[in-house]
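Look at the two chains below and at the place where they meet. The paragraphs that follow go through a cavity, the interface and some aromatic rings.

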Amino acid sequence: MPIDACFVEVVIDNSKFILAGVSVALAVAAFTFLKMRRLSSKAKIGLIYAHLFGLFFPISLFTTNAACGFLCLPCFESPLGLAVLAVPSALLFSTVAGFVVIPLYFLYSGRSVEVKGTAITSFISRHSKTLGIRPPRVYAVKNPRPFAFSFRSFRSAIVISIGMMDILRRKELEAVILHELAHVKSRASVLKLSASLMRFSPFWILKSFHRELDIEEAAADKYVQIVQGTYKYLKGAKIKVNEYYGNER
Amino acid sequence: MVMIEKIRLHKKGYESVLSPQESAILGVLWNSREARVRDIYRILRKRNKIALTSVAVCLDRLYKKGMVMRQAETGPGGVHYIYSPLKSKADLDRSIVENIVDKIIYNFGESAVSYFNERFSKSRRAKRRGI
């Protein structure tokens with residue numbers, strides 16, 4: 001078949017538009033459910049990924065379709081085959097986008113406040129200098145459940161829930177902050193994503209990336225032990241967090 | 001609006017609708033007007049063995065039940081929630097009763113309404129007779 005004819009077929013085939021339409025409908029549905037307040041964090045993260053996948057899939061579908069048509073490959077003739085080819089790239093883009101979107105969602109959904117001029121920010125400033133990194137911004141998320149994570153989009157940030165600050169003593173909170181600073185530092189030197197941020201990946205939801213997470217978590221814990229001279233404060237923080245979630249059930 | 005999901009008929013007072021820890025925490029908040037998680041924990045641990053995390057979980061439950069409110073406040077040590085009771089003791093009593101009675105009427109309809117009428121008529125008669 002001549003290349004021009006392949007390209008025309010690519011454009012006029014309705015089945016791809018139907019697939020794309022279904023995908024966008026999925027994105028809209030996921031976004032609508034996201035507004036429901038009673039969802040757990042895990043469910044919200046799942047919905048954000050579903051939403052992103054729904055948005056990226058049509059782009060991936062049409063670009064794969066165009067590429068197949070341009071190269072006059074048989075893949076463009078079968079909608080199902082095309083969808084299968086488009087899924088991996090859509091998954092990849094939505095995962096990468098998720099690493100940026102999800103932390104920003106937590107920060108800018110009106111549920112967090114930047115922490116400035118407190119003992120925490122002075123502590124972070126001091127230890128960032130020691131580590132040779134730019135002090136990350138600190139955000140307090142308005143959530144009674146204890147959690148903390150760090151991420152780096154344009155500038156690093158450490159995010160700590162108010163619930164975490166409520167239940168930990170000063171030294172325990174410092175241990176958590178040092179742990180997150182270690183993640184920020186490791187990302188500054190090597191281009192890899194923090195284990196704590198991997199908690200936001202769909203792979204964590206599927207529980208299939210444990211080994212990588214364990215190595216980075218162990219390194220961050222080790223850093224805390226070196227700075228504080230003991231593991232007891234970090235251990236105390238972890239015990240309290242586990243206790244909280246245990247009491248919740 | 002106060003949300004009551006279950007009632008323990010064998011218990012008295014607030015413990016019929018709240019756990020002992022939740023009742024104790026409300027008591028502390030009515031006395032102190034507002035408090036952080038740690039402040040409430042310090043008061044309660046003098047009376048009974050209780051974990052800080054239990055206090056935090058109970059406060060969140062009370063918040064979801066519409067019995068306390070919370071505000072985030074930035075201090076030298078970071079950001080903390082300040083909890084305060086949403087209603088006075090008297091108002092809370094009324095809200096709980098309203099909630100429970102409404103649910104009974106919703107579930108049992110006519111039977112519930114006629115029982116309440118009979119019961120209140122008996123009480124009024126007894127009051128008039130000075131019993």
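How do the residues of the lining of the largest cavity divide into nonpolar, polar and charged? There are four nonpolar, one polar and one charged, where Ala, Val, Leu, Ile, Met, Phe, Trp, Tyr, Cys and Pro count as nonpolar, Asp, Glu, Lys and Arg as charged, and the others, Gly among them, as polar. The lining consists of Pro144(A), Gly163(A), Asp166(A), Val37(B), Ala56(B) and Tyr83(B). A cavity is a set of points on a 1 Å grid over the protein atoms alone where a 1.4 Å probe fits but cannot get out, and lining residues have an atom within 4 Å of a point.

This is a predicted model, in which local features need pLDDT of at least 70 and side-chain atom pairs count only at pLDDT 80 or more, while totals for chains, interfaces and linings use all residues. Residues are numbered from 1 along each chain as its sequence is written, and chains are lettered from A in the order in which they are written.

At the interface, 22 residues of chain B are in contact (heavy atoms within 4.5 Å) with 22 residues of chain A. The two chains bury about 1700 Å² between them, 58% of it on carbon and sulfur atoms; buried area is the accessible area (1.4 Å probe) lost on putting two parts together, summed over both. Thr53(B), Val79(B) and Tyr81(B) supply 32% of the area that chain B buries against chain A, more than any other three residues.

Tyr81(B) also has a charged neighbour: Arg70(B) lies over its face, at 4.8 Å from the ring centre. The charged end of Arg70(B) also sits over the ring of Tyr63(B), 3.8 Å from its centre. A charge sits over a ring if NZ of Lys or CZ of Arg is within 6 Å of the ring centre and within 35 degrees of the ring normal.

How values were computed. Side-chain values use heavy atoms; hydrogens and water are left out. On a 1 Å grid over the protein atoms alone, a cavity is a set of points where a 1.4 Å probe fits but cannot get out, and a pocket is an open set with protein on both sides within 12 Å along at least five of seven lines; lining residues have an atom within 4 Å of a point.
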